[in-house]
Amino acid sequence: MDLEKTLKNERQVLQIGFLKRADFQFSQLGCLSILGELHRAATSIGRKRFGPIPSSTASIPLGSLPIMNRVSVFVVALVTFAASAIPSFAEKPNIILIMADDLGWADIGPYGNDFIETPHLDQLAEEGIKFTDFYAAGAVCSPTRCAVQSGQNQARIGITAHIPGHWRPFERVQTPLTTMALPLETVTIAETLKSVGYTTGYVGKWHLGWDPAFQPEHQGYDWTAVVGGPFLPGRFRVQHGNAGIQPEADQFRTDFEAQLAETFVKEKGGEPFFLMVSPYAVHIPLASRSDLVEKYQKKATEMGRELPHPVYAAMTEELDDLVGRVVEAVDEAGITEKTMIVFTSDNGGLYRRYDYNPEADDDVTSNAPLRGEKGQLYEGGIRVPLIVKYPAMIPAGSESSAITISYDFYPTFAALGDASLPANQPIDGESLVPILKKPDATLSRKAIHFHYPHYHHHRPAAAIREGDWKLLQYLDNTNEVELYHLANDLGETQDLSGEKAGRVADLKKKLQRWHTEVIARMPIPNPHFDESRAGEWWSLRNGKPVDSAARKRFPPTEKDL
Ligand SMILES: [Ca+2]
């Protein structure tokens, strides 16, 4: 049928585009690798022949050395000269960014959850700062991950949906295809920190491109373990990376990811280091250790609670354990004071399972008091936890209500590492360092923007938050908007767009200007629009309708395998 043909053509165009881009990037990569190898070789030769690299090579009489050694001294001199241009590392903190997957704002103790036990996150907040108005840049995974790595709103790069995205071919509008990988020419936060001497590591989910060419080792990360697959033993493995570790036969995924993070801190870190830990928890398909699930089943019965679901609660506790183990590894290494630990999530909580056939879908948690969930631009889809501990800078037990967002990490980490921001790459974030030093400090930014032009758990939409006001604009040819005053109405229950025409016009204009500035990809009218079939989901992978009824429930614990 025509639609299938159209999609096939689109996929081919996309793939050709990738190949061209990849060819170009491989040539760049080749040069960088050679430089990197030269640097490593020189450092290694220097250490081998002379012990630690001397602060000056001028005192070594070149004439007394054989030819190869003269070459070595020259190379060492070059490396030493390059190193002398870099400021002292003494004051640069180690940085660990832990980004959970699909963890909602209200699912952990510091944000008011009284069912799930998260003692390590509670302690992290007690020893650091909690942000009440922190946003994931995207309502789903890949866009936020793009924003974290690039320092940009993902609309600039075009990673506006999770890779590869959803497809509803009969809806009112055709939505833009998402960029399928983070372009290699993007200067990532890891590359920026590496430029000032950081050792970098990556653990867990990546979701910024499937091809080996687009994995974290090609985006500035030295030591990497990209993990893929569901949570239960035997179901996941390291798919890409050089860490050289695979899970034990009886190991659960979150435990394995914690082990990888510990290994980096204990054995590979060097200093200063930047480690991004990206556990898959608490993404669907929900599954966890049976002992923890049984503990929460019992607790739910005792408390008369239906939500959160015991499996979801168990997964969140596993995630909290991971945080505890990272903190402990840092403490054991004796680097607590000079290490910043950041905890956040890549998008809002998902309140239904969606992992088996729709008739059996049930609720697993709630983002209350926030409205909505992952895949929506209501607060429940984008407002997420942010806790930061850095004893050398942050007053313990502090809190900030500044409006902050995932792409702020980039300039924050760069400022802490005394690194320059990339010259030819717009950075949309603002450094949070003033707030970390003085929690009641404010930022100069006027507004933050969201662009999610896709059908998922809602309609294609964009949003702007300026002060307490938030405007949602639907991008499905309906021209509909909603306006909320978040200070008075956190749950977005009262749409004020009908009575605040001036405010709506002002925010619409600002959103439109921003869309133009970032060259945001927009939906277009769909010639195949068919209201009776609008709800059909089709697969972008195989160009066929998705058979929801055929989906099987995943086993919730190892006992169900
Ligand atoms: Ca996610």
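In the hairpin formed by E15 and E16, six residues lie between the strands, and Asn477 among them has a positive phi near 65 degrees. The model is predicted: local features need pLDDT of at least 70, side-chain atom pairs count only at pLDDT 80 or more, and totals for chains, interfaces and linings use all residues. Residues are numbered from 1 along each chain as its sequence is written. Helices (H or I, at least four residues) and strands (E, at least two) are DSSP runs, numbered from the N terminus.

Strand E15 (residues 469–474) pairs with E16 in the antiparallel sense over five bridges; two strands pair if DSSP finds at least two bridges between them. Leu471 stands opposite Leu483 of E16. In strand E16 (residues 481–485), four of the five residues are buried (20 or more other C-beta atoms within 10 Å of the residue's own, C-beta atoms being placed from the backbone).

An open sheet of nine strands shows mixed pairing in the order E7-E6-E5-E8-E1-E9-E10-E2-E11. Strand E7 (237–241) and strand E11 (398–400) stand at the edges with a single partner strand each, so one side of each lacks a neighbour in the sheet. Strand E2 (residues 129–131) and strand E10 (residues 386–389) run antiparallel and are joined by three bridges. Lys130 has Ile387 in E10 as its bridge partner.

Helix H6 (residues 253–268) packs against helix H8 (residues 310–332) at an angle of about 15 degrees, with the axes 9 Å apart; axes are lines fitted to C-alpha atoms, for helices over the stretch in contact, and angles run from 0 to 180 degrees between N-to-C directions. H6 is therefore roughly parallel to H8 (angles under 35 degrees).

Methods: Parallel < 35°, antiparallel > 145°, perpendicular 65-115°, else oblique. Buried ≥ 20, exposed ≤ 12 C-beta atoms within 10 Å, placed from the backbone.
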